[in-house]
Amino acid sequence: MKNIIVANTFTPMYDEVEDRLRVVINYQDINNRVDFMITRNFILNLAPSVDEFIFNYYSSNPIIKESFDINFNKKNDNNITSQTDRANLEFLRTNEELLVEVNLTYMPSTKKTLITFSSKNITTQALLEGLLLEQIFNLIKSAIPRFKWGIAHNF
């Protein structure tokens with residue numbers, strides 16, 4: 001049976017050694033931290049699908065920062081990202097999980113989306129409003145080494 005973890009923070013970065021994107025879920029919570037590795041091919045297929053999903057269900061208003069925390073107390077604040085403590089990020093590093101599936105489920109009654117990241121062993125989930133969903137994927141896309149991977153800046 002897969003372990004299901006509630007995702008509270010999302011921190012993407014490019015891993016030069018693996019030549020993959022690393023998306024760290026809950027980087028400060030060692031008991032619930034997951035380091036997902038995303039291959040170039042996976043992100044190239046995922047990004048357009050997520051962009052289309054967001055376009056179909058939410059308005060577009062991108063905000064890009066280094067780290068993203070979905071636990072916030074401010075209302076009507078469009079800038080709800082925070083800096084990552086890079087020392088903790090590396091010190092608390094866990095075994096990498098290869099991301100094999102991302103599911104987005106729109107819930108019309110709440111106008112929120114359940115986002116699920118899955119590897120063979122672990123699944124993480126978060127229930128997000130449209131702006132938060134868009135911010136997370138813009139954040140992930142901002143970690144892509146565009147020049148090295150031969151990807152246009154407007155991808």
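This is a predicted model: local features need pLDDT of at least 70, side-chain atom pairs count only at pLDDT 80 or more; totals for chains, interfaces and linings use all residues.
Trainee: Which residues touch the most other members of the largest nonpolar core?

Mentor: Good place to start! This core has 33 residues. Those touching the most other members are Leu21, Phe117 and Phe137.

Trainee: Which element gives the largest share of this core?

Mentor: Several elements give two or more residues to the core, among them strand E3 (20-25), strand E8 (112-118), helix H1 (40-57) and helix H3 (130-142). The largest share is six residues, and it comes from H1.

Trainee: Which residues does Leu21 touch, leaving out those up to four places away in sequence?

Mentor: Quite a list, so let's take it in pieces. Leu21 touches Met13 and Tyr14, and also Phe36, Met37, Ile38 and Ile43. Further along the chain, its contacts are Ile140, Ala143, Ile144, Pro145 and Trp149.

Trainee: Now the open sheet: why is one side of E1 and of E7 left without a neighbour?

Mentor: Look at the order of the four strands, E1-E9-E8-E7, with mixed pairing. Strand E1 (3-6) and strand E7 (101-107) stand at the edges, so one side of each has no neighbour in the sheet, as each has a single partner strand.

Trainee: In what sense do E1 and E9 pair?

Mentor: You can pick out Ile5, which stands opposite Thr124 in E9. Over four bridges, the sense of the E1 and E9 pairing is parallel.

Trainee: What angle does the direction of H3 make with that of E9?

Mentor: H3 packs on the sheet and touches E7, E8 and E9. Its direction and that of E9 make an angle of about 130°.

Conventions. Residues are numbered from 1 along each chain as its sequence is written. Side-chain values use heavy atoms; hydrogens and water are left out. A nonpolar core is a set of buried Ala, Val, Leu, Ile, Met, Phe, Trp, Tyr and Cys residues joined through side-chain atoms within 4.5 Å. Buried means under 20% relative accessible area, exposed over 50%, partly exposed in between (1.4 Å probe, protein chains only). Contact means heavy atoms within 4.5 Å. Two strands pair if DSSP finds at least two bridges between them. Axes are lines fitted to C-alpha atoms, for helices over the stretch in contact, and angles run from 0 to 180 degrees between N-to-C directions.
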